[in-house]
Amino acid sequence: MEISATLVLVLLALFTFLQNVANGFDSWPHTNTINPFKYRVPENPPYRTSYHFQPPQNWMNDPNGPMYYKGVYHLFYQHNPSAATFGDGIVWGHSVSYDLINWIHLNNAIEPSEAYDIISCWSGSATILLDGKPVIMYTGIDHNRHQVQNLAMPKNLSDPFLREWVKHTQNPVIIPSEVAEVDNFRDPSTAWHGKDGKWRIIIGAQKGDQGRAILYQSEDFVNWKLEDANPFYATDNTGVCECPDFYPVSINGTNGVDSSVESSSVRHVAKVGYLRMAHDYYFVGKYLSDEERFIADAKFTGTSLDLRYDYGKFYASKSFFDYAKNRRILWGWVNESDSEKDDIDKGWAGVQSIPRQVWLDNKSGNRLVQWPIEEVEKLRSKNISINGEKLGGGSILEVSGITASQADIEVLFEIPELENAESFDLSGVDPQLLCSNAPRSGIIGPFGLLALASKDLREHTAISFRVYKTSNKYVGLMCSDQSRSSLQNGLDKTTYGTFFDVDSNPRTISLRSLIDHSIIESFGEGGRVCMSSRVYPKLATGNEAHLYVFNNGTMSILISKLNAWCMKEAEIGHVKNMSYKTC
Ligand code: DQQ
């Protein structure tokens with residue numbers, strides 16, 4: 001009798017378990033955690049990333065409201081829960097992490113539900129208020145398709161994951177005024193708190209063809225006043241300005257500071273995204289809080305002289321101050337380079353960059369340095385090193401022994417004969433075009449890495465450097481050439497490029513590349529020049545991917561130091577890509 005009762009209980013438990021498997025465990029106690037098995041992408045193509053953030057499936061674009069709150073990092077993101085393409089019905093996806101690398105997917109934090117956000121819930125930011133409570137301001141696309149700003153607060157502050165968010169009863173708290181077009185008024189920034197006790201935010205906008213960042217002030221975060229000194233930042237002939245960001249950076253060291261810090265030991269950074277160019281530009285300058293003005297060191301020119309976070313794909317970025325580790329962290333959306341049909345077939349689109357620590361380059365004082373957060377190094381596994389190896393003109397060397405489709409590589413090149421660099425007048429030259437059009441062989445360079453390369457080299461992405469001599473200095477050209485990245489047609493294979501100054505002492509150039517199946521994030525010169533690309537090789541996938549160091553210049557260079565690591569897969573709540581062997 002007792003035995004059969006136990007048997008019934010066991011069978012019941014087994015039945016419940018099997019039912020839960022079928023239902024995706026939605027009835028388990030932690031009901032707000034998305035079960036990745038339920039969202040299995042039918043066929044896991046080789047382009048799904050292994051340590052970059054992606055939702056379980058469907059469309060993702062901008063990172064939203066990143067923050068650290070009581071031991072937990074939060075990432076919200078623009079997400080279409082019902083398709084691998086953009087459309088109406090965009091929600092705020094939500095995931096949490098203890099280390100910014102391994103993530104737990106939660107239910108959507110904010111979804112269209114009210115007249116003021118019924119079409120979509122677009123981008124915005126989180127702010128930690130003076131009493132320590134977080135608040136989100138986001139853009140709602142209302143029933144008239146006007147863009148209005150709304151607030152959302154955590155429902156239960158004792159929930160460590162802040163799973164549920166409630167919308168403020170006074171929404172919308174800001175509606176478009178004469179300073180912005182009703183359908184181009186969006187993406188409120190994180191707020192900063194002025195010495196006068198008022199909160200300030202900027203909102204991206206367009207008026208005529210002018211891209212604007214509009215400043216608002218509030219004493220209580222609910223009632224907002226349009227500042228007289230507007231626009232806070234404006235550029236002509238750019239179209240709409242999206243996802244503006246504004247934050248201080250220390251003039252010394254790599255530590256970050258809270259968004260509200262104003263002192264003689266900080267400078268300020270204004271970042272704007274222009275939809276027309278699909279690039280994020282940043283400006284370092286001086287914030288005159290009394291006059292509510294930002295004086296940028298340089299004006300936007302629309303040329304290659306403008307400073308960008310990344311010279312490849314990286315858009316709608318957002319930074320936050322991580323007070324746990326005193327650093328400022330930057331996230332950016334890295335979109336696909338394949339077609340909409342490819343995305344529908346894959347069942348997903350969009351990845352987030354590896355979070356980057358960002359600080360002011362203390363050497364120049366006028367540009368930023370970005371570097372993958374240190375936590376990513378926890379994924380480093382098997383290591384291959386090359387030290388002090390000469391790479392003669394026209395030579396190539398395989399870095400073998402690691403999974404080259406999932407790797408982290410750091411290399412320091414030494415240029416013994418820097419003075420032999422070819423003289424070149426670079427004025428007015430577009431580096432991106434130069435990367436595509438310069439002869440395949442130069443004097444110093446191109447040298448660098450061939451990533452995601454097939455054995456026969458028919459497929460490869462070249463991340464390379466050349467060095468030129470101008471009248472008064474040495475100038476480097478960093479390129480990421482996707483033109484041979486895949487045998488597949490119909491992909492965006494644009495080549496990216498930018499110039500940077502080369503030191504003659506020491507005469508070295510460094511490169512770090514994070515390779516993750518369909519994304520290559522490259523950091524030149526210790527993170528002073530960054531370039532991200534999306535590629536979809538046909539041959540160079542999984543264990544068939546190779547990694548090479550090459551030198552196509554006529555002068556020899558030296559691999560002073562090279563370290564390559566196979567990267568373990570991060571726990572990002574999605575099904576592991578087991579079609580290849582990892583480290
Ligand atoms: N993406 C959001 C907008 C933002 C744009 C919509 C930038 O709020 O301006 O998904 O990529």
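The model is predicted, so local features need pLDDT of at least 70 and side-chain atom pairs count only at pLDDT 80 or more, while totals for chains, interfaces and linings use all residues. Residues are numbered from 1 along each chain as its sequence is written, and side-chain values use heavy atoms, with hydrogens and water left out.

**Ligand surroundings**
- The ligand is surrounded by N61, D62, Q78, F86, W122, S123, R186, D187, E242, Y315, A316 and W333, each with a heavy atom within 4 Å of it.
- By class, this shell holds five nonpolar, three polar and four charged residues; Ala, Val, Leu, Ile, Met, Phe, Trp, Tyr, Cys and Pro count as nonpolar, Asp, Glu, Lys and Arg as charged, and the others, Gly among them, as polar.

**Distances to side chains**
- An oxygen atom of the ligand lies 2.9 Å from an N or O atom in the side chain of N61.
- For R186, the distance from a side-chain N or O atom to an oxygen atom of the ligand is 2.8 Å.
- A nitrogen atom of the ligand is 2.7 Å from an N or O atom in the side chain of D62.
- The protein covers 95% of the 310 Å² of accessible area that the ligand has on its own (Shrake-Rupley method, 1.4 Å probe).

**Second largest cavity**
- Y51, H52, F53, L100, I101, W103, W331, S353, I354 and P355 line the second largest cavity, a set of points on a 1 Å grid over the protein atoms alone where a 1.4 Å probe fits but cannot get out, with lining residues having an atom within 4 Å of a point.
- The lining of this cavity comprises eight nonpolar, two polar and no charged residues.

Terms used. 1 Å grid on protein atoms, 1.4 Å probe; cavity = no way out; pocket = protein on both sides within 12 Å on 5 of 7 lines; lining within 4 Å. Polar contact = N/O pair within 3.5 Å; in protein donor to acceptor, adjacent residues only side chain to side chain.
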